[in-house]
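This briefing is for a reader meeting the structure for the first time. It starts with a term needed later and then goes through the topics in turn.

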Amino acid sequence: MTEPAERPAADETVPAGVQSPNGTGPVGDPPPLVTPPADTVPGEVVLRLTDVVKTFPGVRALDGVQLEVRAGEVHCLLGQNGAGKSTLIKVLSGAHQPDSGQVEWLGEPVSFGNPQAAMKAGIATIYQELDLVEDLSVAENAFLGHEPRQLGFVRRGYMARQTREILARLGHPEIPPRRMVRSLPSAGKQIVSMARALSHEARLIIMDEPSAVLAHDEVGNLFRIIRELTAQGIAVIYISHRMEEIREIGDRVTVLKDGRTTAANLPARSTPTRDLVSRMTGRTIEYVFPDRPAETPAAEKLLEVRELSREGEFADVSLTVHAGEIVGIAGLVGSGRSELLETIFGARRASTGTVSMAGRQVRPGSVGAAVRAGMGMAPEERKSQALLLGEPIYRNVTLATFTRWARLGFTDAGRERAEANEVADRLELRPLDVRRPVRTLSGGNQQKVVVGRWLLGGTKLLLLDEPTRGVDVGARAELYQVIRALAARGVGVLLVSSEVPEVLGLADRVLVMREGRVVHEAPAGELDEDTVLDLVMAGSLMEGAPA
Amino acid sequence: MTERTETAAPAGAAPPADRPSPVSPAPAGAPVHKGAGTPGNGTGRWSGDAGESFRRNLGLVGVLVVLIVIGIVTRPDLYSDMNWVGDNIMSILTLASVVGVVTVGMTFVIIGGGIDLSVGAIVALAGVWSTTVATQSYGAGGMIFTAVVVAVCVGLVNGFLISYGRLVPFIATLAMLVAARGLAAEISDKQTQVSNNATINGIASNDVLGIPVLVFILAGVVAAGWVLLNRTTFGRRTVAVGGNPEAARLAGINVRRHSMLLYALSGLCCGIAAIMLTAQANSAQAAMANLYELDAIAAAIIGGTLLSGGRGTIVGSLLGVIIFATITNLFAINGLSTEAQNMVKGGIIVAAVLVQQFRFKSLTQLLARNKLRSTN
Ligand SMILES: Nc1ncnc2c1ncn2[C@@H]1O[C@H](COP(=O)(O)OP(=O)(O)OP(=O)(O)O)[C@@H](O)[C@H]1O
Ligand SMILES: [Mg+2]
């Protein structure tokens, strides 16, 4: 998975001119459903969905979905943000009830009234949004709802042992089963929700964008486990926006668009990317990064970080971001990159070192001061760090700017909606109604809201932590254009991403971080993916982890 | 995308299982053109959470109607006299006025993610402090000023301990409950302090256009609270801080200062309530406003304020207060004991919370499921 498959070979692309300014292109007739020869997958059909419909107020999230999953296969679900993938798996896992249509599980029509029922029937789910109980331990979370019991008492020791075993299988023997989930980093939480799925005697495991929060090496681990599972005849439904993962792990692909199955059971390895993308979007997308401007000479220094350190997280980091420049930080989860970003933003207090904006030192440990100095940060974890889930989209978009448009303390809702609408339009938010609660948006669309917040108003320096997490191929290209356009207007950008191609493709200059230190710095053009991966991994945390 | 059309659910489809349908149904088949360049696109299609709280408040009005019907059925003799009915409405509103003012402040605190157990104690302290002989010598203005300043200061202390001292709101305000009543007893020497100020006492005894001044004060505080919550940056910060403090912080909102101000606001409401209550009794004492914290919290919760913060409405809280006052009134006109009344109140609180969780959701789910089963 070193070479991203989305970067289409030249013969696969359609001339760039096809793309209209707002990102939509001509839409042809949807390609016909494809049924491959039955011998591609040997297992028998375990799950069959026919004409499943699910509506929410004002949205038909599922509008007649067909899906067929066989034992021992990895069945990938593809679709744009808001296509209905998560809704579909919530129907399968009993979290939502379909309005109509049929779900057949092991040959029997079923309807799961709640997640417990689905789990009992052998369907385990890893949801896109983490659903752990923060104040319970790792083991308690893993076995939540099906604790091993004896005479009515939970067998805590047994449960901890089982959890330790599962965690070891997941390649994380270092996570203590009795630790509170709250204290784990987000990648650790993802491991725990995987452990939860593995703690069941499942015959089908559904994974909704599990790789979105995992680091590069963790994804390899995940794939190893998936192969183990499928070898035992367990079926896996796998959702991801990363085409190269689907090529590597998938057997068959079903494509959803606007709640409908537009293609079913395509062979995962041999279907051309262009086909998949056009079935997903109804248009052809060039997955390329915007051009870098030709040499911007001697722009003024915008952000200057000097010897910034934080005990146990990172040490002696010095960096500069010029106006109009995009600086990327590559590094593993745990290399201190997110902590660095949060410290620059004042959300954490540095032990030593200084942060200056346009030559003036920013008061340390104060987000307010950082925002006043012109910084904005899209944090790593959208649900816990960025969103007011019950509030309308527009209020989330303007959360950092609403005071600017207020007069005498009175907010200007009309203005806010107009501004938010513009952002939503630029980022292809769907559905495009800014008064909906953010809660009702799909994961990728929620992410757009988080990034969109800082496209408003006079942000001079954008700190982006995994800005494209969960964002689909088309919207991702759009987001890159938006970021580049901001830079062209003189905004500085500091970008953290687990996806090395993204850092290399979007940034002008790249810093590589390892174990809390900047180990390399070079213009993006002089680096390639393998070099960066080597730098990132050298003496990797894997071996260096405390015993 | 371009060709995407959103069709409203067909009339025969099962209602969406997890939310009641919005008040204004989506216009069928209205095409949504992306990038058509019309801001405010999608007008009227989503009534949103405002619609949700509107429905909830409608439910509360329904409860109120039921209570009135019970009143009519049990005492038809009284309800046949229109004059009595008018007077009774005013006495219910007067009964609701003091707790109502306290509840407005409480609603802000709870939406902001906190809780204030000390409101009753603050009312008592402010009442006692403003009726000492020394304070009364400054006249009505001096008394009002004292009550408000004392209450706001106590609120600020609460807020400071919680925001900057990192005490849990429950603990900090529980301690303040004990301390403030203690101080009130100390100041008053455990005596009832009679108010000799005719202006203050007149607040409770005077009407304007047949409506008691106390009711006007309640209306004013409710209106101000509504505007503050729904139309100002202060209100927006309150929702943000209570809904997701980390997100608020990372958006540049000063979360600590804001939570401190919320407790000060609650204090301010208590100061106003102290004057109203003093006026009603023509006196103040350390034991006044006993258990107001419970009444205010209960009213806010019945009104739909989420105890975990981030959601709530002023109108809902007001309806909650009025429902409680109506129950009290119902028992009074039927000559029933206050013990029975408290039991009913407790039952209503439980029922309200159950309804909040249950709503129509489970019912529609149940129906949808049965339908599925029967078709299988
Ligand atoms: N609880 C809800 N209330 C209303 N609408 C909802 C709700 N949940 C999802 N939707 C809508 O249903 C549609 C499908 O959402 P879903 O989460 O299934 O998308 P997805 O394919 O998983 O997208 P992503 O790739 O972004 O995760 C979206 O338009 C979304 O806004
Ligand atoms: Mg999803």
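A residue is called buried when its relative accessible area is under 20%, exposed when that area is over 50%, and partly exposed in between. By that rule, A:Arg469 and A:Glu380 are both buried. The model is predicted.

**Chain A as a whole**
- Chain A contains 19 helices and 22 strands.
- It has 547 residues, and 59% of them count as buried.
- Its accessible surface is about 20800 Å², with 51% of that belonging to carbon and sulfur atoms.
- Among contacts in chain A with a separation of 6 or more, 69% are between residues 24 or more positions apart.

**Annotated regions**
- An unreviewed UniProt entry gives the annotation "domain: ABC transporter" for residues 47-283 and 297-540 of chain A.
- Residues 47-283 of chain A are 33% helix and 29% strand, and the C-alpha atoms at the two ends are 30 Å apart.

**Salt bridges**
- Over all chains, 40 salt bridges are counted.
- One of them joins the side chains of A:Glu134 and A:Arg182, at 3.7 Å from N to O.
- This pair links distant parts of the chain, 48 residues apart: A:Glu134 is in the loop between β6 (123-126) and α3 (138-142), and A:Arg182 is in the loop between α4 (156-169) and α5 (186-198).
- A:Glu134 is partly exposed at 27% relative accessibility, and A:Arg182 is partly exposed at 48%.
- A:Asp251 and A:Arg269 also meet through their side chains in a salt bridge, at 4.0 Å from N to O.
- A:Asp251 is partly exposed, its relative accessible area being 27%.
- In the buried pair A:Arg469 and A:Glu380, the closest N and O atoms of the salt bridge are 3.8 Å apart.
- Here the partners are 89 residues apart, with A:Arg469 in the loop between β19 (461-465) and α16 (473-488) and A:Glu380 in the loop between β18 (375-378) and α11 (382-385).
- A:Arg48, A:Glu68, A:Arg70, A:Glu73 and A:Arg252 form one network through salt bridges that share partners.

**A surface patch on chain B**
- B:Val157, B:Phe160, B:Leu161, B:Tyr164 and B:Leu167 make a nonpolar surface patch of about 420 Å².
- B:Val157 belongs to helix α6 (residues 139-163) of chain B and is partly exposed, with a relative accessible area of 40%.

Note on methods: Residues are numbered from 1 along each chain as its sequence is written. Chains are lettered from A and ligands numbered from 1 in the order in which they are written. This is a predicted model: local features need pLDDT of at least 70, side-chain atom pairs count only at pLDDT 80 or more; totals for chains, interfaces and linings use all residues. Side-chain values use heavy atoms; hydrogens and water are left out. Patches are made of residues with over 30% relative accessible area and no salt bridge: like charges are joined within 9 Å, nonpolar side chains (Val, Leu, Ile, Met, Phe, Trp, Tyr) within 5 Å. Accessible areas come from the Shrake-Rupley method with a 1.4 Å probe; for residues, only the protein chains shown count as cover. Helices (H or I, at least four residues) and strands (E, at least two) are DSSP runs, numbered from the N terminus. Buried means under 20% relative accessible area, exposed over 50%, partly exposed in between (1.4 Å probe, protein chains only). UniProt positions are given in the numbering used here, feature names are shortened, and annotations may be inferred rather than shown by experiment. Contact means heavy atoms within 4.5 Å.
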